[in-house]
Amino acid sequence: MNTWFTELQTQAVSLGLKVSRVLWHEQTPYQELAVLDTVPFGRMLVLDGAIQTTIQDEFVYHEMITHVPLTLHPQPRKVAVIGGGDGGAIREILKHPSVEEAHLIEIDEKVVEASKRFLPEISEALDDERAHVHFTDGIRWVQEARDFDLIIVDSTDPVGPAEGLFVPEFYRSIYDALSENGIMVAQSESPFLQPHIIQRVMTGVSQSFPVTRLYLAAIPTYPSGLWSFTLGSKETLGTPRSVSFPTRYWTPEIQRSCFALPRFVEDLI
Ligand code: AG3
C-alpha cells in the first residue's frame, strides 16, 4: 500500500505521513473526523484535515499543556479542559494527586466516541471517577463556571468550531471562572508558521491576566514542529513543584527552560 496522508499546514507548506490503514472517517455536525494508522507515528486523529494527536508524539503536547501550569499552582484541585476530546490532557491532569475534579468540555461528542473506540491509550482516563465530561459549547460553559484552579484550552486551530476560543472576551470569561490564584493555558500554534496567532493570544490573554508567559515544546507532527502555549496567571508565579510520577518529556529542567524564548519569538510578543 502506498497511501499518504498530507496535511496542508499553510497554503505553501505540507506534511506527509505514510498511512498503513484508514480506520474511521465521518462528517460530524461540527467537522470532518478521521482516524488513520500511520507508519512513522502510529495511530492518529485528524479533524478537518489537521493532525490533532498521534500515539508516538502525543506525550509531548499533553504533558506540556498540563504539567507546566499544574506544577506552578500550589494545590490544584478543580481543573477544566476546553476541547481536548481525545482525553490526553485529562489523563495527565489526573496524575496529580491533589486534583479532585477534572472537567472536559467538548463540543463534538463524536471526537470522544472515536477516541474511546480507537485511541484507548489516550482516552482511558475519561472513565476515571474524577473525570466529568460535558458535551457543550466551551464558550457558554465557561461563562457559568466558577472557582477553577486551572483552565486549559486544548483547541483545534482558530478556524471553524474553535474560532471563538481565540478572542479576548473568552479569556475574560476564563479569568472570571478561576479562583484567586488561578492559571490558564491555551495552545497557541507555531512561531514559525502562525506568528500572528501567538500575538493575538498573548495580547488577548494579557488584557485580563496580570501575568502572561509564552512557552515552547517540540512536537514533530504539528506545523513546523515547534509549538507554543500561552499561560495567564492571576498571581505572580512561584517556584514549580516537582511531580511524583514518571514523565517522558517534562522534567524540572524543561519546566524552567521552556520559558526561554529564541530572540525572534521574544520580538514577536
Ligand atoms: N490540539 C491542537 C492541535 C493543533 C494542531 N494543528 C494542526 N495540526 N494544524 C490538539 C488536541 C490534542 N488533545
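Trainee: Let's start with Trp250: which residues is Trp250 in contact with, leaving aside its neighbours within four places in sequence?

Mentor: Trp250 is in contact with Glu63, Met64, His67, Val68, Thr71, Arg241, Ser242, Val243 and Gln255. Contact here means heavy atoms within 4.5 Å. Keep in mind that this is a predicted model, where local features need pLDDT of at least 70, side-chain atom pairs count only at pLDDT 80 or more, and totals for chains, interfaces and linings use all residues. Residues are numbered from 1 along each chain as its sequence is written, and side-chain values use heavy atoms, with hydrogens and water left out.

Trainee: Thanks! Where is Trp250 found, and is it buried or exposed?

Mentor: Trp250 lies in the loop between β12 (226-233) and α8 (252-257); helices (H or I, at least four residues) and strands (E, at least two) are DSSP runs, numbered from the N terminus. Trp250 counts as buried because its relative accessibility is 3%. The cut-offs are under 20% relative accessible area for buried, over 50% for exposed and in between for partly exposed, with a 1.4 Å probe and protein chains only.

Trainee: How many Å separate the C-alpha atoms of Trp250 and Met64?

Mentor: They are separated by 6.6 Å, with the two residues 186 apart along the chain.

Trainee: And what does His67 touch, not counting residues up to four places away in sequence?

Mentor: His67 touches Glu92, His96, Phe245, Thr247, Trp250 and Gln255. His67 is found in helix α1 (residues 58-72) and counts as buried, at 0% relative accessibility.

Trainee: Switching to rings: how many aromatic pairs does the structure hold?

Mentor: The structure holds 10 aromatic pairs. Rings of Phe, Tyr and Trp (its six-membered ring) pair if their centres lie within 6.5 Å; planes under 30 degrees apart count as stacked, over 60 as edge-to-face and the rest as tilted. One of the pairs is Trp24 with Phe118, which is tilted, at 6.0 Å centre to centre and 35° between the planes. That pair links distant parts of the chain, with Trp24 in strand β2 (residues 14-27) and Phe118 in helix α3 (residues 109-118), 94 residues apart.

Trainee: What sits over the ring of Trp24?

Mentor: The charged end of Arg117 does, 4.7 Å from the ring centre. The rule asks for NZ of Lys or CZ of Arg within 6 Å of the ring centre and within 35 degrees of the ring normal. Likewise, the charged end of Arg213 sits over the ring of Phe259, 4.7 Å from its centre. Phe259 also belongs to one aromatic cluster with Tyr61, Tyr215, Tyr222, Trp227 and Phe229.

Trainee: Nice. What about salt bridges, how many are there?

Mentor: The count comes to eight salt bridges, each being a side-chain nitrogen of Lys or Arg within 4 Å of a carboxyl oxygen of Asp or Glu. Among them, Arg43 pairs with Asp37, the closest N and O atoms being 2.8 Å apart. Glu113 and Lys110 form another, at 3.7 Å; being three residues apart in helix α3, they are separated by about one helical turn. Glu58, Arg91, Glu92 and Lys95 are linked in a network of salt bridges.

Trainee: Last one: how is the chain divided into domains?

Mentor: There is domain 1 (3-53) and domain 2 (58-268), with bounds from an automatic or database domain assignment. Across their interface the rule finds zero salt bridges. In contact there are 21 residues of domain 1 and 23 residues of domain 2.
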